Amino acid sequence: MAVRFDADGEDYTRTLTLGAQAAISACCWVKISTDRNTFSTAISLDNGTGDALFIQTATDGTTMGVYEEPLGGFAGTGRAFTVGTWYWVAFSINGTTGTQYSRALTDTTVTTAALSGLQATHNIATLRIGESAWGTEWLNGAVTAVKVWQAALTQAELEAEALAHRPRRTANLIAWYPLTRAETT
């Protein structure tokens, strides 16, 4: 089960007021239900449009990756998603580098991509699920098992999180939304 988004204005927003963060990790399961052929955001950690980290698609609507502002683009290589397929997506950032992880529900291994060119810290004031800070980059799909840490988790720690809605690592956990009920926003 998951929360289904299918229109602009359907999103969850929470004020975090974390300030400048050098180390941050996040993960979720996401499914694109309809290819909007534009930016579509699963998770946004931001301080408005000038300082943000997104798990979102590129303008093609299906290539999912970690997008960063002020970089103004993907911090690594995005992964082509298939519409209607569930994917686990995660990132771990420590300073100016990090790693993106993903796997389809049917994959037996995790795909990794290096993140580079990142700014040293991100001023994180808001968590958004299903939308970006721009307000037009909404996801036409579903999200579940959202988790965010104020730490750079290892690949093994993040992979353990892919297997459960409930967080396995609670140290430095700042947000957890299981989103297990079938509902609309």
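Thr180 is found in the loop between β14 and β15 (183-184), where helices (H or I, at least four residues) and strands (E, at least two) are DSSP runs numbered from the N terminus. The structure is a predicted model, in which local features need pLDDT of at least 70, side-chain atom pairs count only at pLDDT 80 or more, and totals for chains, interfaces and linings use all residues. Residues are numbered from 1 along each chain as its sequence is written, and side-chain values use heavy atoms, with hydrogens and water left out.

At 39% relative accessibility, Thr180 counts as partly exposed; buried denotes under 20% relative accessible area, exposed over 50%, and partly exposed the range in between (1.4 Å probe, protein chains only). Apart from its neighbours within four places in sequence, Thr180 is in contact (heavy atoms within 4.5 Å) with Met1, Ala2, Thr144 and His165. A separation of 9.2 Å lies between the C-alpha atoms of Thr180 and Val143, residues that are 37 residues apart along the chain.

Asp6 is partly exposed, its relative accessible area being 40%. The C-alpha atoms of Asp6 and Gly141 are separated by 6.4 Å, although these residues are 135 residues apart along the chain. With neighbours within four places in sequence set aside, the contacts of Asp6 are Trp138, Leu139 and Asn140.

In helix α1 (residues 155-162), the buried residues include Leu158, Glu161 and Ala162. These residues lie on the same side of α1 because they cover an arc of only 110° around the axis, the arc being that of the directions from the helix axis to the C-beta atoms. An α-helix has 3.6 residues a turn, so residues three or four places apart point the same way. The cover over the buried residues of α1 includes β3 (23-32), β9 (86-94), β10 (97-104) and β13 (141-149).

Within strand β9 lies Ser92, which counts as buried at 7% relative accessibility. Beyond its neighbours within four places in sequence, Ser92 is in contact with Ile24, Ser25, Thr97, Gly98, Thr99, Tyr101, Ala152, Leu153 and Leu158. The side chain of Ser92 also reaches the backbone oxygen of Leu153 at 2.7 Å.

Side chains of opposite charge can pair when their charged atoms come close. With a salt bridge defined as a side-chain nitrogen of Lys or Arg within 4 Å of a carboxyl oxygen of Asp or Glu, the count comes to four salt bridges. In one of these, the side chains of Arg128 and Asp46 meet at 2.8 Å, N to O. This pair links distant parts of the chain, with Arg128 in strand β12 (residues 122-129) and Asp46 in strand β4 (residues 41-46), 82 residues apart. Arg128 and Asp46 are both buried.

Another salt bridge joins the side chains of Asp107 and Arg79 (2.8 Å, N to O). Asp107 lies in the loop between β10 and β11 (111-115) and Arg79 in strand β8 (residues 79-80), so the pair ties together parts 28 residues apart in sequence. Asp107 is partly exposed at 23% relative accessibility, whereas Arg79, at 18%, counts as buried.

A salt bridge is also formed by the side chains of Arg169 and Glu157 (3.0 Å, N to O). Since Arg169 lies in the loop between α1 and β14 (173-177) and Glu157 in helix α1, this pair ties together parts that are 12 residues apart in sequence. Glu157 is partly exposed, with a relative accessible area of 28%.

Methods: Polar contact = N/O pair within 3.5 Å; in protein donor to acceptor, adjacent residues only side chain to side chain.
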